[in-house]
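Please keep the sequence and the structure in view while reading.

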Amino acid sequence: MLIKILLGALLLIPQIYASQLSSLQENLNITHINIPNLNLTTDDNSFELLGGIDSLSFYRYTGQQNFTSGILPNSNSNGLTYYSNNTFIQLYEPSLDSRIERIIPFGSDSFILSGKGSLGGYSLSNQLLFNLSSFSLKQIFNQTLDSVNSILVDGTVVCFGGNFTLSTNSLNGHSVALWNYTANSTSLLPFVGFGENSLINSITKLNDDNILFAGKFYTLDNSTLLNVVNDTMRNISDINLGQLIPLSAATWSSTGSFFDEETFVCPDPTIEAWFQNGTSGTLNCNLPFDVAPTKIRIYNSPDPDNEISLFRIFSDPSESIMNLTYIDPVLGQLKHCDAFCPLYTKQVLKSASENVTLSSEMIELLNDNTSDIRWSQDFQEFAFVNQLSASSLRFLALNSYGTNVGLSSFQIYQDAYAIFANNSLNEPSCNSLESFSSSDLSNNTWTRGMDDQNYVKTTYIPHQGVLPEVTFHPDLKYSGQYSIELYTPGCQQDNTCSSRGIVNVTVWNTNNNSILSTTLIYQNNDQLKYDELYSGYLNYSPKITVTYHSGIYSGTTAGTVVVDRLNIMINSLDILNEIHNSTNSLELNGLFQYQLSNFSTSSKDSSIARVANTSINQLTLTGFSSNVSLSASLYNDTLLVGAGDDGLSIYELNKDLAIQSSSQQGIEGKITGLKSYSNGVLVYGDFNSSKESSNVLSFNGSFDSIGNITSPITNFANITIDDSELLVFDNNLIFNVSSSSQISNTSSFSLSLWSSGSNSNGDTLFSGALSQVQFTNLSGSVSIANNLSATSLRSIGSPYAAIFLNDSVTGYVLKNDSSTSEMIFSDGSKAPWRWTGYVDSMLYLTNQSMLAVGSSSSVNGELSILNLDSFKVLANETLNQNSSVKTMVHFERNSSILVGGNFSISNTECFGLCLYNYTGNQWYTFLNGTINGTITKLQIFNDSQLIIAGVFDTKSQSSVNLALMNLTDNKLVLIRWGFKEPVKDFITIDDNIFAWNETSLFEYTSNSWVDIPISNSNSSTTIDSIGWTTTTDNNLKKRDNSETSNNVLIVKGQIYDNVYGHIQAMIYNFEEWIPYLSINSLVSSANQPAELFIDRDVSKLFDSQLALQVSNTTASITASSSTPTPTSSPKKKLHQSKKKIDRGFVVLIGLALALGTMTVLGIVGVILAYAFRDDDGDYDVITPRVNEDEMLKTVPPEKLMEFI
C-alpha cells in the first residue's frame, strides 16, 4: 500500500531531468521549495549557527527531510525509493516482513520487482512490473515463484531462475520460467525446467543466441532432450510397427449420441465423428474378428468444449478394465494408467510437439523393440499392458475439458500381421495405405465357414475340377526375424470333422521362388489350432500357399477344405536393433547452455540436436563435485564459474563459445556468489584469511581484493550515488569504488541497501533506506551565505554563544577540553578568561572597551566586567547559589548596567532585576524593587523604552511575562501576563515585538497580541532561537502589502511539520512558512542545541544614552488590556478597550503631570550626578579570576579593537 510520497534533493537544483523524474514529480504532486534570497554578507549581517553542527542541508523539495535525518534503528529500511539527479523519491514502504530482493530495469520506464511479502497490495512472489510513467504495479505471474535468484531481460522476453515450480497446461516446470511482455503471457521454456529440487543461481547471456544457466541440477524436465542419437535414430518416425485393424468391418453402438462411422474409421483430426452431450459417454466397438490388441490411437475432439480429459477402456469377453501405458507428451516420460487415463487437449499437444527436437522423441519402443507407442499434435497412443484376446472394446469418456465429450476417432493395432483367407478382411479401412497384405482364392466355390466366423471353406471331390488353394501375400516392411503361423478353425463347430482332409502348406522365397518350408497339416482338429510354418530371418515378403493334399479317410469322397488366417509374428527387426544401440544420454552438472535457435527450428527432423553436448555443458562433469551448486558470470570472453567449496574456475571462450583455455583461481574457502559491476565481476564468499586479505575479489582480467572484508559475505547489491558506485555487502559493509575505500555509515551519510537497479536513462530504484546531507564534516559552527552554501568555522570550534564587537572582530564562547568556558575571537586568538560554567549573557560597552559577562555554574552565578584593552578583570561579582545572569542593558550616562536573570542581591531589595554601578562596584535596587522574579531578556525599544521579559511580579500583578518601561517617566506598562512559562526571548522589528517561549511565537503590534502558528507543526515543535534579516527577492510576498518591507524571520528549533517533516529551521515572510534547513548535530553537542546568531551590530538595542533615574524611584504601573490570558485563542488580535474622559479633565490632568514630572526630574538628576560621579576617571581594579601566566601570549589589543 502506498503510504507516503517523499522526495529529497541534495546539492543544487537539477537542471537536466532523468527520463522519469519530472513525470514522477508531476504525478506525485512534489513541489519545489523556493528559499528566499536572504540579505546575508560575510562582513556584516552574516548568519551563523553556533554549537556542534555536524552537517546540514538546505531544504529543496517536499519530503527531503526523510533522506537527511539519519536512519533510525527501529525504522523501516526496506522501502522502495526512486533516485535521479541527486533527487530521492520514496515511492512505497512495505510491511516490515516484506523484502524486495531483485530490482531489474525493463524498457525505458519500468522495473521488475521480485521478493517476499507484498508491495502496494500485490505479492512480490508473483513478480511485479512497476511502470514509472503510469506509476502502476502489475503482477507478472498468476502463480507465486517462491524463490527467484536471477532475472535476465532479453528484449521483451524475461527469464526468471531460482527455486520454484510453475504449472502451465497440466505441466510442472522447475526453477525457470519465461514472461513475454509483448504477448503478455507466461510460459515454461522448451526444455520445461531442471527437474525437482533443482536450483538456478545465475542466468548469463553468452551471446545473442546462447544463454547459460548455472545452479544445482543434473537433468531437464523434458529429459528426452538429453538423448544424444546418431542418424539412424532420426528415422524411427518412419517405422510403423504392428497392424492396423480394419474397423470398417466392425459394428458400433452408442446410446444418445451422434456418430459418423465413415468419418470415424478414416480419421480426420479436424472433424468430430462422435459426440455426446454431458461430460461422460460410451462408445462400443464390436471387432470384425478376435484381436489381441497391442495399442489404441485416440484422436481427441477438435472442439475445445468437447475435448475429453479422462477415459477408460473395457474389453470383452473378459469384461475387464485395460491397463495402459503411454508417453506423457509434456514431460516426455513413460507413464501407466487404468481406470483414469488422461487425454491432453489439442493445444497442449501442439505446444508440446513444438518443443521437441526430433520426431523420434515422440516414440517409445516396447516389448523388446517389437512394438511401439507414439504421439503427435493430433493423437495419443496407449499400449495394452496385457494382450488379451478381445471381440469388442468399450470406450468410456469420464470427464471433459469443456461441457461435452467427443472424438475424431480411435484406431486399434496388434503387433502380429494377420492375413485372412477372406481377403475383404485384409483391405484397410481407408485408402491411405499404399500397400497391404492380401490373399487369393482358387477358382472354387468358397463360402464363409459360419455366419459368425471369418474363415472360408470349400468342398472338393478328388480329381474333379480345380485343386483348392489359398495363396497369402504378406506385406513385410522391414527385414528381421519372423515366425509364421497358420490358424485352422475347429471341425466340431461346423460338423465337418468327418469330411476334413489334409492340406499342404508351403512357404516360398519370392526372390528366387525357392521353398523355405513345406508341411502337411491335418484339418480334423476339434477346436481352433495354429501350426508354425516357419521361423527365421526374412528380408523380403514371402508367399504362403495352402493347397488341398488328400482326404484323411477316403481318397475319393468329397472333402472339406477350410482356411482361416496367417499370423506373422515379429521376433526382432534389424532397424530397431540399430536404433536401440545408437542412443545415449547427455549428462548435466549445474551448467546448461541453452541455444535459442535450436529450439526455434520448425523441422522436427533437423540434423541439429536441440541440446548439444557442448564444451560448456561438459566442463563441470569432471573436476567438480556431483550435483554441485554453481554460479557463473561473463566478463568479455572470460567465463567465471564459482562452485562453492570447489573453488573458482576461469575459462577463455572463442567466438563459437568453445573453451580455448582454462585455469583455477587458488581460492580456499567457499564461494557464495558472482555478480557483475562497473569494473568487472565480484567474487565473494568465505575465504581462507591466510590466503586472501578480503572475502571479496574483483576480476577484470586479473584479480584484486576489495577492501579488507573479513566477515563471510552472502549477498551483494550496488548503487551509484553522486557519481560514486557503492558496493554493499550483506546490507552492512560498504565499499566506495570511486575512492577505492571502505566506508561506514555516519550521521552525514548512511545507507541500508537490499537491492537496486538502474536503467540507461539515469533512473534508479532501490530497496532500503538512505540519509545524506548536503554539507558534511562541518565539525562545529557554521556560516550561512547568500548562495545557499555553508562554511565551517572550524578554526573556532563549537561555540555556544557569540557577540558582535566590530565589523572585524566577533567574540565566541565555547567549552574547552577541561570543560570550562573560554572566549576565542574570530581571528583565532584567545582571551585569557575562564568560566567554570556556561556564559549566559554578554554585553559590549563600546565606548568603554569593556565586556560584561554573566555566567552560571552548578554552584552559583557570576557577573564579570572585563577590560578588552588590557584583558584585566575589572569586577567579578559572585551571586547567590543556583543563580544566573541572563540579560544586561548598559546605561552609559549612569556608568551602570541593568542586570536581569535569576538571582538576588543581599542588602538590597532586588530580585532578578538589579542595577550595577561598575565604577563603584555597587548594586542598587531598580525602580525601588517594583519588579521581582526571573528576567530572561532586556532590550532598548524605540530609544526611550525598555522591554522586560521573563516571569516576574510587580506590586500590582503577578506572573508578568512582558512589560514596557518608559525610561523618561518610569511608567511600566504590562503587556503580557498570566503565563507560568517564561518568555524565552524576543526580537524587535520596527515597532513590533516578536516574542516566544519553548513552543509558541507571538507578535505585539499596535497594542495588540497575535499568535503566529508555526506552519503545520504539531505539539512536539520547540523553538530554540529566532533571528531576522531582509531578503533581496522582489517577488517575495510582502507583509501588509508594504512596498518597502522585505523582513523575514528565521526560526531555529525542532520543528515537526505535517508536510515538510522534522526540520530545524524555517523562514517566515509574514505570509507563509518556508522550510529552510535540516541540521544534524554532533553527538557531543546533543544536549546543547545550535544557537542562531546573526553577526551584526545590535549595540543600540542594549546601550541606552538616556540617564536612568535614581533607584529609589517607584514605577507607575499600568496594565495593557490587550494582554492575552492563558486561555486566549491563537491568531486572534485582542484590541485595547477605551473609556472616554471629559476633555476638561484631560487638560487639567495633563498640566498637573507636566509640572510634577519637571520637578521630579530635576531632583533626581542632582542626586544621580552626585551619587555616580567619577572623580579621577579611572577604574578600581579588582583581583582577577585568572593569574598572570594565563594572560601571557595574548594578542595585542590593537589588533582586535578598532578604537585602540
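**Disulfides**

The torsion about the S-S bond of Cys337 and Cys341 is about 105°, so this disulfide is right-handed. The model discussed here is a predicted one.

*The bond between Cys337 and Cys341*

- The sulfur atoms of Cys337 and Cys341 are joined at a distance of 2.0 Å.
- Cys337 and Cys341 are both buried.

*The bond between Cys266 and Cys430*

- Cys266 is joined to Cys430 by a disulfide with an S to S distance of 1.9 Å.
- Cys266 lies in the loop between helix H2 (261-265) and strand S21 (274-277), while Cys430 lies in the loop between strand S34 (417-420) and strand S35 (438-441), so the pair ties together parts that are 164 residues apart in sequence.
- The disulfide of Cys266 and Cys430 is left-handed, because the torsion about its S-S bond is about -125°.
- Cys266 has a relative accessible area of 26% and is therefore partly exposed.
- Cys430 has a relative accessible area of 16%, which falls under the 20% limit for a buried residue.

*The bond between Cys491 and Cys497*

- Cys491 and Cys497 also form a disulfide, with their sulfur atoms 1.9 Å apart.
- The torsion about the S-S bond of Cys491 and Cys497 is about 90°, so this disulfide is right-handed.
- Cys491 is buried, with a relative accessible area of 0%.
- Cys497 is partly exposed, with a relative accessible area of 25%.

- When bonded cysteines are counted along the chain, the disulfides of the protein chain follow the pattern 1-4, 2-3, 5-6, 7-8.
- Cys159 is buried, with a relative accessible area of 5%.
- Cys285 is buried as well, with a relative accessible area of 1%.

**An open sheet of four strands**

- Four strands, in the order S52-S53-S54-S55, form an open sheet with antiparallel pairing.
- Strand S52 (669-677) and strand S55 (703-705) each have a single partner strand and stand at the edges, so one side of each is left without a neighbour in the sheet.
- From one strand to the next, the twist averages 25°.
- Within this sheet, S52 pairs with strand S53 (residues 680-687) in the antiparallel sense over eight bridges.
- Ile671 stands opposite Gly685, which belongs to S53.

*Strands S5 and S6*

- Strand S5 (residues 99-106) pairs with strand S6 (residues 110-116) in the antiparallel sense, and seven bridges connect them.
- Arg99 has Lys116 in S6 as its bridge partner.
- The hairpin of S5 and S6 has three residues between the strands, and Gly107 takes a positive phi near 70° there.

*Strands S56 and S57*

- S56 and S57 are paired in the antiparallel sense over six bridges.
- Asn718 has Leu727 in S57 as its bridge partner.
- The hairpin of S56 and S57 has two residues between the strands, and Asp722 takes a positive phi near 55° there.

**The second largest pocket**

- The second largest pocket contains about 1400 Å³ of space.
- Its lining is made up of 46 residues, of which Arg102, Ile104, Asn149, Lys675 and Phe716 lie nearest the centre of the pocket.
- Several of the strands described above are among the elements that give two or more residues to this lining, including S5, S52, strand S56 (716-721) and strand S57 (724-729).
- Other elements that give two or more residues to the lining include strand S11 (147-154), strand S15 (199-207), strand S48 (631-635) and strand S60 (749-758).

- Thr919 is found in the loop that runs between strand S74 (910-917) and strand S75 (922-925).
- Is Thr919 buried or exposed? Thr919 is buried, because its relative accessible area of 18% is under 20%.
- The side chains of Thr919 and Asn917 are joined by a polar contact of 2.5 Å.

Terms used. Residues numbered from 1 in each chain as written. Predicted model: local features only at pLDDT ≥ 70, side-chain atom pairs only at ≥ 80, totals over all residues. Heavy atoms only, no water. Buried < 20%, exposed > 50% of the residue type's maximum accessible area, 1.4 Å probe, protein only. Polar contact = N/O pair within 3.5 Å; in protein donor to acceptor, adjacent residues only side chain to side chain. Pairing = 2+ DSSP bridges. Axes fitted to C-alpha atoms, helices over the stretch in contact; angles between N-to-C directions. Disulfide = S-S within 2.5 Å. 1 Å grid on protein atoms, 1.4 Å probe; cavity = no way out; pocket = protein on both sides within 12 Å on 5 of 7 lines; lining within 4 Å. Points joined across faces, edges and corners; volume = space filled by probe spheres on them.
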